[in-house]
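Here is a short note to read beside the model. Keep the structure open as you go through the points.

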Amino acid sequence: MIRAKDFGDDFLWGVGISAPQNEGAAGEDGRGLSIWDVFSRRVTAIRGGARPTEATHFYHRYKDDLLLVKALGFTTFRFSISWSRVLPLGTGKINQTGLEFYHNLLDECLLLGITPVVTLYHWDLPQALQREGGWTNHQVIRWFCRYVKLCLQEYSGKVRYWIIMNEPSAFTALGYMTGFHAPGKMGPRAFFLAAHHAALATAEASKLIRSSDPTAIIGSSFSFSETHPMKQTKADQLAANKADVLLNRFFLEPALGLGFPMAASFPVIEKFHLYNRTWRYQDAYQCDLDFIGFQNYFSVTVRNNPFIPYLGASEVSAESRKVPHTSLGWEINPESCYRMLHRISSYPGVKRIIITEGGCAAKDYVRQGKIRDELRINYFKQYLSAVFKAKQEGVPIDGYLVWTLTDNFEWAYGFTARFGLVRVDFPGQLRTIKDSGYWFRSFLHGEVSLSE
């Protein structure tokens with residue numbers, strides 16, 4: 001019977017949100033436009049025509065939402081700073097009202113005995129910088145470091161845990177190669193540049209934080225998805241290997257000082273290295289990190305598909321394979337998470353792992369005034385059991401941060417995908433704790449185990 005206390009007294013139990021998905025107040029108090037504000041105006045860009053303009057009103061409701069964090073038994077709260085709220089144009093003039101908001105938020109966390117974990121970049125680049133090329137412009141490294149320096153000057157006394165980037169593989173590939181996310185760019189060249197600059201910016205920021213605050217605990221968050229070939233054919237195995245390079249190795253290995261991975265028979269990666277031989281920055285990617293932020297939502301099964309540009313592979317859906325999946329069709333595979341934890345911990349230089357996101361999109365059912373989400377409860381029982389097993393076997397896992405506190409603006413899915421422990425009825429913003437939220441409270445208070 002595994003209980004929360006069995007993970008250790010110092011284990012971080014928390015919940016996370018992000019500025020673009022939760023804050024709202026997009027045009028208030030001097031905040032500048034972000035790429036998501038602009039991207040969401042495109043017809044058909046966001047499911048249901050949703051926009052993050054109001055999101056979950058966290059900007060105005062943060063005190064109430066932090067009381068929910070406390071009531072559910074969590075002691076750690078992850079949130080991100082909106083770059084365009086503190087620097088409306090991305091650089092230059094500072095918005096003091098924006099700075100003050102995060103001071104107030106941090107003060108409220110500390111008042112409630114909640115440890116803040118601050119993400120510096122959670123995908124919401126200021127639109128003013130995107131007009132200059134965004135992550136494809138080499139100047140973005142300098143812009144980002146100036147922003148990081150401002151955050152350090154303001155908040156170092158209140159923040160110990162810093163996450164530099166959230167899932168760089170996602171915001172570079174989805175935003176600059178497939179066009180599925182903001183800013184909606186497409187093509188390998190934009191992706192090469194964005195990936196190169198994001199990796200350099202992460203490294204530079206890690207050194208900046210270390211030199212500014214030697215007591216800081218520094219990490220960056222990466223998404224990981226175990227990849228499998230649909231069939232044991234040479235073509236499908238090659239497709240799975242290529243997917244593995246992009247999903248699991250492409251940003252982690254440079255951050256650990258191993259350089260960008262090489263991959264035979266993968267033209268996109270070969271071209272990337274061709275560009276890098278020109279840029280000559282191979283030694284600059286290594287980061288000074290205390291922990292790796294581990295984020296795993298699904299495993300991926302792929303097959304060879306020569307009609308898919310660049311990758312030459314396509315995913316085989318969990319639904320078609322008749323395996324358990326979330327409401328978004330993402331495969332539920334706790335054993336895959338367990339194996340990935342072992343794999344990531346085996347890299348030289350990985351000293352500590354914090355699971356900075358873990359969660360499940362599920363359809364919630366309202367019955368007799370209660371929000372039923374049994375799928376999500378079972379998901380957490382299975383995945384936390386896998387995490388505990390890996391930890392018992394020596395994987396240095398020091399925390400689990402649930403994604404997410406409340407239902408929110410879920411990127412291209414708009415308001416149709418619900419990940420929260422707390423239901424939000426849009427647009428009225430009524431909060432209702434789901435059964436999964438009550439289950440987590442009971443688990444953290446030692447009232448139930450993972451097998452109950």
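1. Start with the pocket. Helix α8 gives the most to the lining of the largest pocket: 4 residues. Helices here are DSSP runs (H or I, at least four residues), strands are E runs of at least two, and both are numbered from the N terminus. A pocket is an open set of points on a 1 Å grid over the protein atoms alone, where a 1.4 Å probe fits, with protein on both sides within 12 Å along at least five of seven lines; lining residues have an atom within 4 Å of a point.

2. This is a predicted model; local features need pLDDT of at least 70, side-chain atom pairs count only at pLDDT 80 or more, and totals for chains, interfaces and linings use all residues. Residues are numbered from 1 along each chain as its sequence is written, and side-chain values use heavy atoms, leaving out hydrogens and water.

3. The largest pocket has a volume of about 1,400 Å³, the space filled by probe spheres set on the points, which are joined across faces, edges and corners. Its lining has 45 residues, and A170, L174, L247, F298 and E315 are the closest to the centre.

4. Now the barrel. It is closed, has 8 strands with parallel pairing, and runs β1-β2-β3-β4-β5-β7-β10-β13. Two strands pair if DSSP finds at least two bridges between them. Strands β5 and β7 pair over 5 bridges.

5. Last, look at E331. Is E331 buried or exposed? E331 counts as buried because its relative accessibility is 9%; buried means under 20%, exposed over 50%, partly exposed in between (1.4 Å probe, protein chains only).
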